[in-house]
Amino acid sequence: MTELSRSDFPADFTWGTATAAYQVEGATTEGGRGPSVWDTFARTPGAIADGTTGEPADDHYHRYLEDVGLMADLGVNAYRFSISWSRIQPDGTGAVNPEGIAFYRRLAEALVAQGITPWATLYHWDLPQALEDRGGWLDRGTAEAFAEYARLVVGELGDVVKHWTTLNEPWCSAFLGYASGEHAPGRHVGTQAARAAHHLLLAHGRAVPLIRAAADDLQVGITLNLYSVRTASDSPADVDAARRIDGLQNRFFLDPVLAGSYPVDVLRDLGEQAWFAEHAQGDLATIGVDVDFLGVNYYSRHTTAAGTASGAPSANPGSEFVQMVDTGAPRTRMGWEVHPDGLVDVLEMAAARRPGLPLLVTENGAAYDDELTADGVHDEERRAYLEQHLAACRDALGRGVPLRGYFLWSLMDNFEWAWGYTRRFGVVHVDYATQRRTIKDSGRWLQAFLSAGGRGARSA
Ligand code: FCB
């Protein structure tokens, strides 16, 4: 790898760190916040590896100023955070809770004061429990409720927050939430989880024009988690396994959002053709609404082969027999293989779908077992992961991909969903007992990398 420098990237490149509301905020019963599916799920015995919840997480709700200061210290020019729907509408519908809006306004204004551009995600998995009680994402009404929530939030904050993402990783919301049940709300409806995916995408499509109507200088997009998928061999069964996983995890989301259609092979794998013909095809024009950017979250590659289903509820319903093969590549603490060139694959895959559409890496990062010592956290593996993936971004730019930014997951260690506090992704270490923050070596490396090219202009 030739030496990496900030000047390899455009001067107006967006350099950010990312978090999500339930993972960092804590204060789950303060400020008029109502319960979300994650509050309920985390209290379910056995749901979270260490039996914890998002309380108090990083107490970001109270410590956001310190955290904005850390970002300024790192030298990033953008912060991707998410808005907790149930802080804004405690029951998921009805009037805005002014305290909820006030928190995000304080946060956004503090960022802007430091020259850090706020990038808000409207939905990072924390559905108000009241909406789940009415069917959650299996109910079409949730898409309508989301559109109204989006309209209200952007109406309130659109003067200070100019960059809006509707959804984070709808594949996870639909298939981890409603098929494998590893995530809230922990349901097991098998292939019908595809209907949740459709309602999520409809929510996106309905929200975009309402967001745009709030002000004429807003940028709106959606974030998808894309995977580089390879077949383990040329055997027809393995090739078909790769087609299925690429289908369900990539094309089932990319195609409706950017190409106005659902992939017919995936509907066939799912056995959901009839439901989609009756309930979904008419929504494709709505879902395919123009966006200003696509966010891509990338962590790993899948190498797939045909095998035998275990019988456990799968996140890939209809394709339970597909196995993920160990290629021997190094793995992070999540067990995810490290494949930096897979980031080039997914960016090119997205770029091919809608040539010229600006892309941003909205998440990329790694969990490792960190040790806080007297002289800091020496997380060389994370630093190397970061450097390799930034080099992949440089390669993608060199290949003509319209990449406009990179957000590292994560600013700081936080509540890693079903893994609780047992997985650390931050470039800032958090001691949960004292809430003390310590910039890790990876964070120092990022700081040096960003300052070497001079402090960049605020992202466009
Ligand atoms: C992504 C999520 C994010 C975080 C990372 C590790 O799928 O969007 O909240 O948990 O994985």
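Predicted model: local features only at pLDDT ≥ 70, side-chain atom pairs only at ≥ 80, totals over all residues.
A charge sits over a ring if NZ of Lys or CZ of Arg is within 6 Å of the ring centre and within 35 degrees of the ring normal. R423 does this with W419, lying over the face of the ring at 4.0 Å from its centre.

Residues are numbered from 1 along each chain as its sequence is written, and side-chain values use heavy atoms, with hydrogens and water left out.

The structure holds 37 aromatic pairs. Rings of Phe, Tyr and Trp (its six-membered ring) pair if their centres lie within 6.5 Å; planes under 30 degrees apart count as stacked, over 60 as edge-to-face and the rest as tilted. Here are two edge-to-face examples.

| Pair | Centre to centre | Angle between planes |
|---|---|---|
| Y64 and F103 | 5.7 Å | 85° |
| Y123 and W137 | 5.4 Å | 75° |

Y64 lies in helix α3 (residues 60–74) and F103 in helix α5 (residues 98–113), so their pair ties together parts that are 39 residues apart in sequence. Helices (H or I, at least four residues) and strands (E, at least two) are DSSP runs, numbered from the N terminus. Y64 is buried, with a relative accessible area of 10%, and F103 is buried at 0%; buried means under 20% relative accessible area, exposed over 50%, partly exposed in between (1.4 Å probe, protein chains only).

Both Y123 and W137 are buried.
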